[in-house]
Amino acid sequence: MRRKWRPVVWTLVGALVVAAGLGGVAVWQNTYALREEKVSLRHDGKLLDGVLARPERGEGPFGLVVFVHGDGPTDATHETFYRPIWESFARAGYASLSFSKPGVAGSEGDWLDQSMTDRADETLAAVRWARSRPDVDGRRIGLWGASQAGWVLPKVAARDRRLQFVIAVSPAVNWHRQGRYNLLAELDRDGATAERRDAALRRRETTLRLLERGASFAEYRAAIGDPGGMTSARWGFVARNHRSDATEDLRSVRGTPVLLVTAGHDVNVDVAETEAVYREVLPAASLTVAHYPGATHSLVDHDLERSTWRLTLTAVLRPRKLYTEGFLADQSRFVAQRPIGEEAP
């Protein structure tokens, strides 16, 4: 009997050893060259919880990248998705600052109650808070934002001319055009029939007419039927923001160095339109465009994102490899090349 069990025992031991080894790899791969500090900011009567991630060594003062989230209930670390980016900035001598959205993690309020102007006010408050810290170099503060942040970043940079740079990752320009592009791109990706496509476009046109006349969520449900993922709170958020267009705010950013990051497999944003508008509005000398043909909207490699098991293993065992080739190094290089400006009074 003892001999019969021996192979089973060694199989279990081997599995435990492999699991322990993978666990060690996971811990090592998810350990970053950063010193993270939990911080808080009171803005508009509400407490926001966040993280200040400084380089592993040195007392500063460090340059700083202030993060502006995309859509959705995002916490300060974006469920750790930001940490590889923070580490890339730390290599260039920059700290990173990120606050959880209102109503997320320890932050008070509700992010669905916000307009894009509210989000810009919140970001400006974070920048002012950072400038009060002795370990932050006020001459070297810039913004990093993704997706929906494309309507926030230009507002902030237009109002704070001391900002050193703006990094806009997968930003849209016009809310309505972005929504139509996203709808059609997803339908094409899913192989939708012409009938389904036409029905989706009719539903969209009905939704836009309701938004334009300020219809309530109850009216929306009555007209549309099944609301899908739309809720009353989300309807209010869309109603406040659906007229957003970044073009005029971008005109006010002229002169501030901008890194525009686009992806070749972006079904959320029409990157060709975004790049065309940015090139038309911003001076060529202040605009850098980095295009990653193999990446999705989130700058994850397209082939990797299509495989759930590969995506999961990579997130656990090699999180830095979630991002498409070159993205992290290019982020670090861009901020490292920023000249130190003069501190404004």
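A crossing of two helices is left-handed if the near helix is turned anticlockwise from the far one by less than a right angle, and right-handed if clockwise. I wrote that down before looking at a helix pair.

**Entry 1: ground rules.** I am working with a predicted model, where local features need pLDDT of at least 70 and side-chain atom pairs count only at pLDDT 80 or more, while totals for chains, interfaces and linings use all residues. Residues are numbered from 1 along each chain as its sequence is written, and side-chain values use heavy atoms, with hydrogens and water left out.

**Entry 2: a helix pair.** I looked up α6 (residues 194-212) and α7 (residues 217-224), whose axes come within 10 Å and cross at roughly 155°. Axes here are lines fitted to C-alpha atoms, for helices over the stretch in contact, and angles run from 0 to 180 degrees between N-to-C directions. Helices (H or I, at least four residues) and strands (E, at least two) are DSSP runs, numbered from the N terminus. α6 and α7 are therefore roughly antiparallel to each other; that label is for angles over 145 degrees. Their crossing is right-handed.

Which residues of α6 and α7 make the contact? I found Arg-203, Thr-206, Thr-207 and Leu-210 on α6, and Tyr-220, Ala-223 and Ile-224 on α7. Contact means heavy atoms within 4.5 Å.

**Entry 3: the sheet.** Next I traced an open sheet of 8 strands, ordered β1-β2-β4-β3-β5-β6-β7-β8, with mixed pairing. Two strands pair if DSSP finds at least two bridges between them. I noted β1 (34-43) and β8 (287-296) as the edge strands, each pairing on one side only. On average, neighbouring strands of this sheet are turned by 20° against each other, direction ignored.

**Entry 4: around β7.** I followed β7 (residues 258-265) and saw that it pairs with β6 (residues 166-169) in the parallel sense over 4 bridges. Ala-168 has Leu-260 of β7 as its bridge partner. β7 and β8 also run parallel, joined by 7 bridges, and His-265 is partnered by Thr-296 in β8. Is β7 mostly covered or uncovered? It is mostly covered, with 6 of its 8 residues buried (under 20% relative accessible area, 1.4 Å probe, protein chains only).

**Entry 5: helices on the sheet.** I saw α3 (residues 116-131) lying across β1, β2, β3, β4 and β5, at about 120° to β1. Helix α10 (residues 271-281) packs on the sheet too, touching β6, β7 and β8.

Methods
Angles under 35 degrees count as roughly parallel, over 145 as roughly antiparallel, 65 to 115 as roughly perpendicular and the rest as oblique. Buried means under 20% relative accessible area, exposed over 50%, partly exposed in between (1.4 Å probe, protein chains only).
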